[in-house]
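Please look over the structure shown here. A short report on selected features goes with it.

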Amino acid sequence: MTAVDTPVVPWTGVVGRPLPRVEAAAKVTGAIAYADDLQLPGMLFCKLLRSPHPHARVVSVDTTAARAMRGVVAVLTGHDLPTKYGIMPTCEDEQALEHEKVRFVGDPVAAVAAVDEETALAACRAIQVEYQPLAAVESIEDALAPPDGEPLHDYAGPGNVHRLAALEFGDVEAGFARADHVREDVFFFEGNTHLPMEQHSATAQASDGQVTLWSSTQNPHYVHRALAKVLGLPMGSVRVVAAPLGGGFGGKCDPFSHEIAVCKLALVTGRPVKCTLTREEVFYTHRGRHPTLMWVRTGVDREGHILAMHFRSVLDGGAYGSYGPASMLYTGALQPTTYRIPAYRFEGARVFTSKAPCGPKRGHGTPQPRFALEVHLDKIAEELGIDPVTLRRRNYVEPFTRTVNWLRVTSCGLQQITDRVLDASGYARRRRRLGHGMGFAVSSYMCGAGLSIYWNTLPHSQCVVTAGRGGVTVFCGATDIGQGSDSMLATVAAEELGLQPGAIRLVTGDTGLTPVDLGSYSSRVTFMAGNAAREAAAKLRQLLVEAVAEAEGRSPEQVQVRDARIGSLGFEEAVALAEERFGTLATHGSYTPPAGIGGRYKGAGVGPSPAYSYSAAVVELDADPVTGEIDVHKVWLAHDIGRAINELAVRGQVEGGVCMGLGEALMEAQAYRHGLVKQPSMLDYKSLTFLEMPDVETILVETVDPEGPYGAKEVGQGPLLPVIPAVVSAVHDALGVWVDEVPVTPDKVLRALEARARGRDARYGPKSFPVVPYPPLVKVAPPDAAAPTL
Amino acid sequence: MEFLAPTSWDEALAVKAEHPEAEVIAGGTDVMVDLNFDRRRPAMLVDLTRIADLATWQIDGSVLTIGAGVTYARIIDELSTLAPGLAIASRTVGSPQIRNRGTIGGNLGSASPAGDAHPPLLATKATVEVASARGSRSVPVEKFFTGAKRHVLAPDELIAAVTVPVAAGPQQFAKVGTRNAMVIAVTSFALALDPHAHAVGTGIGSAAPTPIRAEEAERVLAGELAAADQWEHRRPLDDHLVDHFARLSAEAAAPIDDVRGTAAYRRHALAVLARRTLSWAWSEYQRN
Ligand SMILES: Cc1cc2nc3c(=O)[nH]c(=O)nc-3n(C[C@H](O)[C@H](O)[C@H](O)COP(=O)(O)OP(=O)(O)OC[C@H]3O[C@@H](n4cnc5c(N)ncnc54)[C@H](O)[C@@H]3O)c2cc1C
């Protein structure tokens, strides 16, 4: 073999190119099999009987008539699944089927497996449940009042309070004392839900005491743990496969009753069992955005430099714990990642109410405080007569610094995204006229939570790459929920191996076949699974290069990997050669966030991330001064992506985030009346349609993060965040009134205009913040500003 | 569930006479939603879409007869000059899919206070042509609605058509909702001006248990226009008159608070819609 010396240039074959997603054709042609498409021989269908009461003791459940029905194969009640579980180890307060008490309309009490859905439904109706209604807890105010009768849960407290936190970093009172100007505001963010196109669906099959669950879940690993616990099986006897998801947005992050019920029913009947939720059940399953009441007080100097900030929140958690303690802490964690806040106090609370449980939704716990913070800063700027952009720029955090609450910030493109979004939108040159406005806001988001949800020593993501006669396969627990995780894995492996993404076979989200990845939440997949896949694929590449170098008689550095060739060999020949040389080709990689990216105080687990993405939005709209109707014309969104591994996928996420943000800003509300969801259908729950979706101009800024794979950061959640306050700001620009409550509906706009016409405060929003039994402050010394940060 | 698909009107009437409890289905855009939510479980469905005659319209002199099976899409395409108010309202219904399926007869059959065809039908004093195996009758649209989602049809009766006068002047319709597409009106308002008859017609949706007219507003506006000889002169309308008309229109309503909006917002919006539709219609009249 003659060695031809060609200069080795870095291959940038696929990273950074706007390639279609690997599963695009299957999705567009309908070939992809979602969870509900799964059909197994002899399959039974499950329906859950749900509580019609918001809060009631379950006196008795009589299933005799249901069991006697033709076509009914098995009926379960809470007695069959008594083990409590919950996503967070500190609040395992759920039961798959409740047999003692129900805490919201929709809380499951029994499960039926029958030959078809109609029979299962009829059997549910034949189950006699005797309830003893208890006082409902309908709002934050109700939950903070002394309970009328028994509280929803017998843990936590006082009363219906679930969790409390009080943290202080630096000397806040001294900061306020030095301030030239101090301002206080109160805000409310109504709850809303994820609205994925796909309803949840799960199918289980059992044999020999082993059970497999196919489910539309974002987190197969956490479901795996919960199933083993509730079913009383060793983890090795349970396998969870995440089916391709028709959207998740956080709504498929918890282990759910229907997933547990079908497994138990499959074990009991020996037949496969499927449960697909109806759209109405999805609204009751919820785990969506927490309704959140917020109060913020900020002290600034004359130039608008922030000297101290005090932020309070109360979250309406609904009936169960879910991710609640984290959701609550997130309402206080990320304010300092965009603005330098030298002294910061956060007091947070989450309460239980007898409504569908809230949980994580895109942006988890941060859209609410981001809306409050940005609008609050606009108001401060207005009072000081400083341009709101200038005021923000004066406070932007610098790259490679540490925040007052100990979060390590690395790459940070705040100034660049601000420049770019202002340039593109012409914000500074806008012409002021009644009824037309533009608004600006910024935000940041995590690239994966720094800590796992439960304490463990696992790497956060693990990947195995194999190569052989069957081609290249990547095995990874990461789950594609529509965000493009599969394409990302294929692109990373292809990049390292000199292939195209389509040449990579993927086995993902399968707890029986893939090493653990913690799941698709907290925007962690590209950063963490991407790094794990990169490490694994780079190791494989090394083996191929070594084998070829040896055969060609030159050094590995001289072997070029690109265009499906390794040196002078075709990829398949190189694989055969390396297999001969090293045996089975299987390499692995893993990722664990570095130590020391957060603090050491109680509550410090929420907020740290190996990197933060940054987004800036300008929204342009018309707001009708007579009807209060809002028509958004255009949104400019500049996003610090670190590096776009796939520009097309990144733009898709930005546009999706903008769409969801506008829906939350303008119309979406999961509201209740006497415990019933008011709008439990896609016709009545208003979100944006094509007609309302404005033009979006996406601007990507690449700051190349030192630790992200190829410099990449997240995009799945961040771009939603600034859209909401930018809408509120634009409405103010158009009409001169503040709507301090999301969603900004026409009647709220009119009420703000009326308030102004009557000479009152030109705003609509909550008037006061309730008395919350926050605990004594935990004082945390801020990091030493002088010390090196990395 | 039994599914019957008569191919002629007489057959349909005979089926309905024999099975008055049978549920009629046209476009199905209301019926299928109800079945899906299990709000009703009829033992028998009678499909009207195979009756070709039901989906036609004719003109007889100055009277336009629109078959109950005519869809919104066809009203928009074919009747925008003959029945402009109805065509404008049809454009605001649902989405393209709903406009392709949904029919004017189905809208009347559902008799929702928010039905978008109803205000323009009220404003043009339409007549609902009703038939059964026993015979036919004509019901003025105003008398057609008897309560929220209730109408005058006897169990064996079907809607054959609606008749409206061919438009003699400008007609307008406007609605407000939480978004632009796929939305049930928070409130809506229709206006029809008839320069030949010197008449003003109005229709209000979603602001009372049934769609209603703002009779006092009609009377006052028609009176003022006649008194000032405005049908002849087409001068700009006096602001006070427009405001007065808007106020009377809002006062005609009896709105409630519900998931889509508050009563106060509805009343406010109604005045705005009345004012806007009148200005649009009057400018059109001045131009022509
Ligand atoms: C997504 C969506 C959006 C919608 N948006 C709007 C909207 O913006 N505005 C609006 O007004 N409506 C809207 N609707 C409601 C619906 O589309 C309309 O009411 C439509 O006119 C119903 O017509 P149809 O032919 O589909 O009626 P069907 O559903 O077939 O029937 C409706 C009712 O009328 C009865 N019926 C039908 N034909 C006759 C007949 N010839 N004689 C007697 N009874 C009859 C039926 O028995 C039934 O009770 C929407 C519906 C959906 C699903």
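## Basis

This is a predicted model.

## The seven-stranded sheet of chain A

Chain A holds an open sheet of seven strands with mixed pairing. Its strand order is β3-β5-β1-β12-β9-β10-β11. β3 (72–77) and β11 (238–242) of chain A stand at the edges. Each has a single partner strand, so one side of each is left without a neighbour in the sheet. From one strand to the next, the twist averages 20 degrees.

Within this sheet, β1 (residues 44–50) and β12 (residues 273–276) of chain A pair in the parallel sense, over two bridges. Phe45(A) stands opposite Lys274(A) of β12(A). Helix α7 (residues 257–269) of chain A packs on the sheet. α7(A) touches β1, β3, β5 (108–114), β9 (201–207), β10 (210–215) and β12 of chain A. The direction of α7(A) makes about 25 degrees with that of β9(A).

Leu540(A) is found in helix α14 (residues 525–552) of chain A. Is Leu540(A) buried or exposed? Leu540(A) has 25 other C-beta atoms within 10 Å, so Leu540(A) is buried; the cut-off for burial is 20 or more. Beyond its neighbours within four places in sequence, Leu540(A) is in contact with Val465(A), Ala467(A), Leu497(A), Leu585(A) and Thr587(A). Val262(A) is another matter: 278 residues separate it from Leu540(A) along the chain, and their C-alpha atoms are 40 Å apart.

Helix α16 (residues 647–666) of chain A has 20 residues. From first C-alpha to last, α16(A) reaches 28 Å, close to the 28 Å expected at 1.5 Å a residue. α16(A) is mostly covered, with 15 of its 20 residues buried.

## Contact between chains A and B

How many residues does each chain bring to the contact? Chain A brings 17 residues and chain B brings 13 residues. On the chain A side, seven are nonpolar, four are polar and six are charged.

## The ligand site

Residues from chains A and B surround the ligand, so the site is shared between chains. The shell has 30 residues; Gly27(B), Gly94(B), Gly106(B), Asn107(B) and Gly109(B) come nearest to the ligand. By class, the shell divides into 14 nonpolar, 12 polar and four charged residues.

Several elements of chain B supply at least two shell residues each: β2 (23–25), α2 (31–36), α5 (96–101), α6 (104–110) and β10 (158–165). Which element gives the most to the shell? α6(B) does, with five residues.

Terms used. Residues numbered from 1 in each chain as written. Chains lettered and ligands numbered in written order. Predicted model: local features only at pLDDT ≥ 70, side-chain atom pairs only at ≥ 80, totals over all residues. Helix = DSSP H or I, 4+ residues; strand = E, 2+ residues; numbered from the N terminus. Expected span 1.5 Å × (residues − 1). Buried ≥ 20, exposed ≤ 12 C-beta atoms within 10 Å, placed from the backbone. Contact = placed C-beta atoms within 7 Å. Nonpolar A, V, L, I, M, F, W, Y, C, P; charged D, E, K, R; others polar. Near = placed C-beta within 6 Å. Pairing = 2+ DSSP bridges. Axes fitted to C-alpha atoms, helices over the stretch in contact; angles between N-to-C directions.
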